[in-house]
Amino acid sequence: MDGKFAVGLITANHFGVLNRVAGLYSKRGYNIDSLAVGETDNPAYSRMTIVSTGDDYMREQVVRQLKKLHDVKSVMLLEEGAAVGVEHLLIKLRAQGQGKALLSALINAFGGKTMDFGEDFVTADVTGSPQRIDAFIAEGKRFGILEVCRSGLIAMATGGRAALAAPTDSEENEEKGA
């Protein structure tokens, strides 16, 4: 069965790494539905969350191939139920007259914040599951969407220990043989 799946990675934080990771997907004809990248607590490493759609074979192939890349330090399939994830949304909506009060109520109902506003627009900031973000966008359509900026999923495994963490300085030195 084809379905969405997320992969978490820790990579070296330098030029060309994102290109090599994206190239791996491209060479195999796999699409990236969303990609979020950011520096970890150790600036030598970045954390990526990549969402794709595919079957079990594709999931296994992606993880196996990513592990072979030199700059990839760790890879984890972020299984539903064993991971938590959120997306971030900035959305600019048309707001006029009494619609502003309804729009304000909608933003509050989704736990969002108003980031910017004018005579005829409101920019909202909403964070939540992809389904919650989809629901907010669907509700926002009745006001008129002017612009959408969506982060893509960021996710991590549940539980008390770091299942996917950047190496510490001492682990990095051990790896180098120092």
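I call a residue buried under 20% relative accessible area, exposed over 50%, and partly exposed in between (1.4 Å probe, protein chains only). My model is predicted, so I kept local features at pLDDT of at least 70 and side-chain atom pairs at pLDDT 80 or more, while totals for chains, interfaces and linings use all residues. I number residues from 1 along each chain as its sequence is written, and side-chain values use heavy atoms, without hydrogens and water.

**Entry: helix α3**

I took helices (H or I, at least four residues) and strands (E, at least two) from DSSP runs, numbered from the N terminus. In α3 (residues 99-109) I found G99, L103, L106 and I107 buried. They sit on the same side of α3, because they cover an arc of only 100° around the axis. The arc is that of the directions from the helix axis to the C-beta atoms. On the other side, A101, N108 and A109 are exposed.

What do the buried residues of α3 pack against? I listed β5 (83-94), β6 (113-117), β7 (121-128) and α4 (130-140). Contact here means heavy atoms within 4.5 Å. Just after α3, G111 takes a positive phi of about 70°.

**Entry: strand β7**

I checked the cover of β7 next: seven of its eight residues are buried. Strands pair if DSSP finds at least two bridges between them. β5 and β7 run antiparallel, joined by eight bridges. In this region I noted K92 opposite T123 in β7. β6 and β7 also run antiparallel, with four bridges. T114 stands opposite A124 in β7. A hairpin of three residues joins β6 to β7.
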